[in-house]
Amino acid sequence: MPAPNMIENRTFEEITVGESAQISRTLGQREIQLFALASGDVNPAHVDPEFAATDMFHKVIAHGLWGGGLISAVLGTELPGPGTIYLEQSLRFERPVGLGDTITAQVVVTGKDEHHHFVTFACTCTNQAGEEVISGIAKVKAPSEKIRRPRAALPDIRFADHDGYRRLMEAARGHQAMPVAVVHPCSVAAISAVIEAFEEGLITPILVGPTARIQAAASEAGADIGAFRIVDTPHSHASASAAVALIHSGEAQALMKGSLHTDELMGAAVSRDGGLRTERRISHVYLMDVPGHPTPLLITDAAINIAPNLLEKADIIRNAIDLAHVIGIAQPKVAILSAVETINPALASTLDAAALCKMADRGQITGGLLDGPLAFDNAISAAAAREKGIVSPVAGQAEILVVPDLEAGNMLAKQLTFLGGADAAGIVLGARVPIILTSRADSLRTRLASCAVVVLLAAAAQTGGKNA
């Protein structure tokens with residue numbers, strides 16, 4: 001027998017009729033997802049529990065060739081093993097394989113062709129009850145030379161399930177599409193985002209910008225915008241002003257960034273003459289769906305306030321808490337971030353964190369649990385918090401991350417997006433209406449999630465701020 005970390009074959013000469021080998025594997029959701037990802041087979045009988053419950057077997061079942069793959073694994077790694085060339089395989093599927101079933105794949109040598117070095121096998125897969133689920137016959141060309149090599153180490157696989165995105169979309173679909181002024185949608189990316197959100201039933205778009213450029217972008221995108229209202233403007237600055245005017249007139253309930261610069265859009269929104277200011281500081285929140293993290297992460301402010309002072313940070317926190325309530329977090333845990341978790345007069349962010357926590361103690365900030373200063377690791381990792389001896393209802397389980405300045409927030413959000421595979425919906429809060437900030441680099445999920453959040457915000461506003 002080869003060592004556990006080695007893989008060794010049986011040459012044609014060594015193989016005898018009647019010889020056998022087997023492996024066993026248990027079917028889990030992970031195995032189904034990996035097979036669907038590799039093969040592209042997303043038959044709902046395998047990947048949609050709701051559909052599968054109404055199908056023939058009334059449960060999710062494995063792809064048939066998942067079991068066939070186990071037979072292949074025996075032939076390629078056990079008997080004959082490395083150097084084997086697969087020639088033929090017949091399979092008969094006798095019974096379904098369900099989640100939790102342990103399948104044993106076995107091959108038995110039934111014949112040898114001395115001239116061609118062909119070997120035939122009887123192949124079976126049986127479940128934990130001893131029931132045969134697959135049977136068949138395989139023919140291979142067996143290796144003639146002995147091969148013994150280290151067993152390859154497979155990579156760790158992390159699933160990006162995007163459950164947060166699905167929950168957002170399901171919640172938003174229960175509400176009426178919202179009229180949204182889309183500011184200067186003069187690019188393929190901007191028009192595509194509009195079409196996607198419209199087709200999902202999230203928004204009723206009003207396109208604000210130069211008509212000829214909007215139509216040219218739609219033509220390039222292959223999009224039909226004939227049903228959309230267009231408000232013609234000469235340039236992007238005028239587009240931003242006209243979109244804000246649509247909010248004042250009640251014709252639109254939100255703004256959506258098109259292909260103009262964020263500063264230009266926000267300049268019109270925060271203008272003291274005809275803008276969308278309220279008593280609150282306007283701020284930006286990234287709603288992050290991070291693969292492997294159990295809850296959404298709200299990161300603020302990473303796009304609007306460059307170096308907020310203490311009172312501005314208080315409003316930034318209030319805006320984020322309001323958004324957390326809307327997406328169903330009743331009492332969000334708010335971590336005020338710094339580079340360290342102790343107060344250091346040389347780090348102004350630690351002093352602000354301490355003051356903000358005291359403001360929460362005195363009722364100046366309500367609706368969430370605040371703690372800080374906290375470093376990023378002990379804000380989101382319970383193990384890191386324990387290692388540092390931090391006892392806190394927030395440390396290790398934060399849902400809102402308040403960054404010290406825009407640079408820190410922007411880098412954190414983009415690291416999670418581009419290195420961590422996170423989706424980041426971007427919303428501006430604190431204005432008279434929410435503002436959707438999209439980017440050309442955003443995925444379809446991100447663009448739709450941003451629109452879904454705005455729909456939920458509008459629904460909450462209509463119900464007096466209650467959870468939508």
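## A walk through the predicted model

At a relative accessibility of 5%, K313 counts as buried, because anything under 20% falls in that class. This lysine is found in helix α10, which covers residues 310-326. Which residues touch K313, once its neighbours within four places in sequence are left aside? They are P308, S349, D352, L356 and P404.

Please keep in mind that this is a predicted model. The mean pLDDT of the protein is 91, and 96% of its residues reach 70 or more. Confidence is lowest in helix α5 (residues 163-172), where the mean is 78. It is highest in strand β16 (residues 400-402), at 98.

**The whole chain**

The secondary structure comes to 15 helices and 18 strands. The radius of gyration is 29 Å, well over the 23 Å that the globule rule gives for 468 residues, so the protein is more spread out than a compact globule. Along its principal axes, the C-alpha trace spans about 90 × 60 × 40 Å.

How much of the protein counts as buried? The share is 47% of the 468 residues. Among contacts with a separation of 6 or more, 70% are between residues 24 or more positions apart. As for charge, there are 37 positive and 49 negative side chains, and the centres of the two sets lie 3 Å apart.

G111 lies in strand β4, residues 102-113. Is this glycine buried or exposed? With a relative accessible area of 15%, G111 is buried, because the cut-off is under 20%. Leaving aside neighbours within four places in sequence, G111 is in contact with V17, F118, V119 and T120. G111 and I15 are 96 residues apart in sequence, and their C-alpha atoms are 9.9 Å apart in space.

H117 lies in the loop between β4 and β5 (118-126). At 19% relative accessibility, H117 counts as buried, since that value is under 20%.

**Backbone points to look at**

Most residues other than glycine have a negative phi, and most peptide bonds are trans. Here are some places in this model to inspect on your screen.

| Site | Backbone feature | Value |
|---|---|---|
| H58 | positive phi | near 60° |
| H117 | positive phi | near 65° |
| L79 to P80 | cis peptide bond | omega near 0° |
| T300 to D301 | cis peptide bond | omega about -5° |

Where does H58 sit? Its place is in the loop between α3 (49-52) and α4. At 58% relative accessibility, H58 counts as exposed, because the value is over 50%. H117, with its positive phi near 65°, counts as buried.

P80, joined to L79 by a cis peptide bond, is in the loop between α4 (64-77) and β3 (85-93). D301, joined to T300 by a cis peptide bond, lies in the loop between β13 (297-300) and α10. That brings us back to helix α10, where K313 is found.

Notes. Residues numbered from 1 in each chain as written. Predicted model: local features only at pLDDT ≥ 70, side-chain atom pairs only at ≥ 80, totals over all residues. Heavy atoms only, no water. pLDDT = per-residue confidence, 0-100. Helix = DSSP H or I, 4+ residues; strand = E, 2+ residues; numbered from the N terminus. Buried < 20%, exposed > 50% of the residue type's maximum accessible area, 1.4 Å probe, protein only. Contact = heavy atoms within 4.5 Å. Rg over C-alpha atoms; globule rule 2.2 N^0.38 Å. Lys, Arg positive; Asp, Glu negative; His and termini not counted. Charge placed at Lys NZ, Arg CZ, Asp CG, Glu CD.
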